[in-house]
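Thanks for coming, everyone. Please have a look at it first.

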Amino acid sequence: MKEQGNEERLKALIRQIAPLDEMAMQAASVRLDTLTKPPGSLGRLEELAVRLAGITGQAFPSITRKAVIVMAADHGVCEEGVSAYPAEVTPQMALNIASGGAAVNVLARAAGAEVHCVDIGIAATLDHPAIWPRKIRPGTANLARGAAMTRDEAVRSVLTGIEIAGELADRGIMLLATGEMGIGNTTASSAICAVLGGVDVEDATGRGTGISEETRQRKQAVIAKSIRINRPDPGDPLDVLTKVGGLEIAGLAGVIIGAALRRRPVVIDGFISSAAALAALRLAPAAAPYVLPSHLSQERGHGRLLEILELDAPIRLDMRLGEGTGAVLCFHLVEAAARILREMATFEDAGVSRG
């Protein structure tokens with residue numbers, strides 16, 4: 001009964017997602033055409049400005065406070081030797097992120113953004129004031145031997161992401177981003193890509209943290225085995241998350257849904273975040289307009305995921321770190337689009353003749 005209750009609660013929340021505000025978008029479009037530039041000359045930056053107006057319901061949105069949510073969790077599939085790093089790195093890096101020493105922290109500081117690290121499933125007890133304690137379970141089970149988690153755990157993970165997005169919105173955060181930390185999570189993401197995206201397992205399986213081709217082949221076989229023995233239903237995203245997903249991936253799917261519920265734009269990072277976005281948008285198609293891409297990762301399969309999501313990433317820097325690094329870099333572009341609407345002079349204001 002409890003499981004059914006959580007799932008019904010999730011469905012009820014999803015039904016509350018509103019469409020973009022067409023009046024705000026129209027007002028933003030009109031404003032852009034009065035600014036001191038040839039019409040459309042800022043290209044996709046103008047498209048982004050109009051989207052931000054529709055998302056926020058404000059013709060001239062103000063993007064001041066920004067935050068990246070880094071979901072951290074362990075993966076039982078690491079037992080299969082699919083990563084270049086041991087599972088112990090997950091809690092170590094979570095502490096590094098909480099202490100401000102990771103790449104995502106550096107890039108977030110440059111963007112004037114907050115970093116919120118969430119323990120949604122680390123297989124260790126962490127005591128740090130900057131880590132959100134939201135553990136659903138201490139890591140997933142080995143998906144090569146059975147389901148990664150129970151359906152209720154997957155649902156609770158999604159709900160946790162929704163709740164955290166909502167809490168940050170209540171604190172005044174206007175722009176969110178998805179980040180993650182979890183050794184083994186490219187394996188789970190590749191499985192999600194293969195099942196929900198209909199992508200061939202070989203095309204979905206990359207080198208993750210920099211594994212050898214021999215290890216990549218083993219990883220590919222593990223993913224194929226996990227799909228064969230668990231038989232995840234591609235028509236049921238919760239079943240896919242349950243059987244071959246990850247706690248942090250489900251949590252990020254919740255962040256995306258939660259952002260849409262609170263009319264906040266959410267910038268997704270690389271491969272793992274895109275797998276989470278695919279699950280989120282299969283659960284809640286109405287959330288799609290609220291999702292903004294950031295970068296094209298080097299990870300094999302990410303380009304296919306972006307195609308499936310119908311997203312075109314503006315940043316191409318051959319990154320593959322994760323943590324939310326690419327999404328935080330994109331904060332600069334999002335804020336720039338909003339500032340164009342609010343701060344650029346019109347032809348009339350500046351006394352400039354129109355063409």
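Start with strand E1. Both of its faces are covered. On one side sit Lys66, Val68, Val70 and Ala72, and they are buried. Why two sets? In a regular strand, side chains alternate between the two faces of the sheet. Count along residues 66-73 and you get 8 of 8 buried, so E1 is largely enclosed by the rest of the structure.

A word of caution before we go on. This is a predicted model, not an experimental one.

Now, who are the neighbours of E1? Strand E2, residues 113-121, is joined to E1 by 8 bridges. The two run parallel. For a landmark, find Ala67: it stands opposite Glu114 in E2. Then there is strand E4, residues 175-181. E4 and E1 share 7 bridges, and again the strands run parallel. The landmark here is Val68, opposite Ala177 in E4.

Step back to the whole sheet. What is the order of the strands? It reads E3-E2-E1-E4-E5-E6. That is an open sheet of 6 strands, with parallel pairing. The edges are E3, at 131-133, and E6, at 291-292. Each has a single partner strand, so one side of each is left without a neighbour in the sheet. At the E6 end, strand E5 covers residues 266-267. E5 and E6 are joined by 2 bridges and run parallel. Look for Val267, which stands opposite Leu292 in E6.

H4 spans residues 89-98. Its buried residues are Val89, Thr90, Pro91, Ala94, Ile97 and Ala98. What do they pack against? The list is E1, E2, E3, E4 and helix H5, at 103-111. After H4 comes Gly100, with a positive phi near 90°.

Let me zoom in on one residue of that helix. Thr90 is in H4. Its relative accessible area is 0%, so it counts as buried. Leaving out residues up to four places away in sequence, Thr90 touches Ala73, Asp74, Ile122, Met181, Gly182 and Ile183. Met181 belongs to the range given for E4, residues 175-181.

Now to a loop. Pro265 lies between helix H11, at 247-261, and E5. Is Pro265 buried or exposed? It is buried, with a relative accessible area of 0%. Its contacts, again leaving out residues up to four places away, are Leu52, Ile55, Thr56, Met174, Leu175, Leu176, Tyr290 and Leu292. Leu292 is the residue of E6 that stands opposite Val267. Also check Gly54. Pro265 and Gly54 are 211 residues apart in sequence, yet 9.8 Å apart in space, C-alpha to C-alpha.

Glu310 has a positive phi of about 60°, although it is not a glycine. Glu323 has a positive phi of about 70°, and it is not a glycine either. Glu310 is in the loop between helix H13, at 302-309, and helix H14, at 325-343. Glu323 lies in the loop between H13 and H14 as well. Which is buried, and which is exposed? Glu310 is exposed, at 73% relative accessibility. Glu323 is buried, at 4%.

Last, the overall picture. The protein has 15 helices and 6 strands. Its radius of gyration is 20 Å, close to the 20 Å that the globule rule gives for 355 residues, so it is as compact as a globular protein of that length. The C-alpha atoms fill a box of roughly 70 × 45 × 40 Å along the principal axes. Of the 355 residues, 58% count as buried. Take the contacts with a separation of 6 or more: residues 24 or more positions apart account for 78% of them. The protein exposes about 14,000 Å², and carbon and sulfur atoms supply 51% of that. On charge, there are 37 positive and 41 negative side chains. The centres of those two sets lie 1 Å apart.

That's the tour. I'll take questions now.

Definitions and conventions
Residues are numbered from 1 along each chain as its sequence is written. This is a predicted model: local features need pLDDT of at least 70, side-chain atom pairs count only at pLDDT 80 or more; totals for chains, interfaces and linings use all residues. Side-chain values use heavy atoms; hydrogens and water are left out. Helices (H or I, at least four residues) and strands (E, at least two) are DSSP runs, numbered from the N terminus. The radius of gyration is taken over C-alpha atoms; the globule rule is 2.2 Å times the number of residues to the power 0.38. Buried means under 20% relative accessible area, exposed over 50%, partly exposed in between (1.4 Å probe, protein chains only). Contact means heavy atoms within 4.5 Å. Accessible areas come from the Shrake-Rupley method with a 1.4 Å probe; for residues, only the protein chains shown count as cover. Lys and Arg count as positive and Asp and Glu as negative; His and the chain ends are not counted. The place of a charge is taken as NZ of Lys, CZ of Arg, CG of Asp or CD of Glu. Two strands pair if DSSP finds at least two bridges between them.
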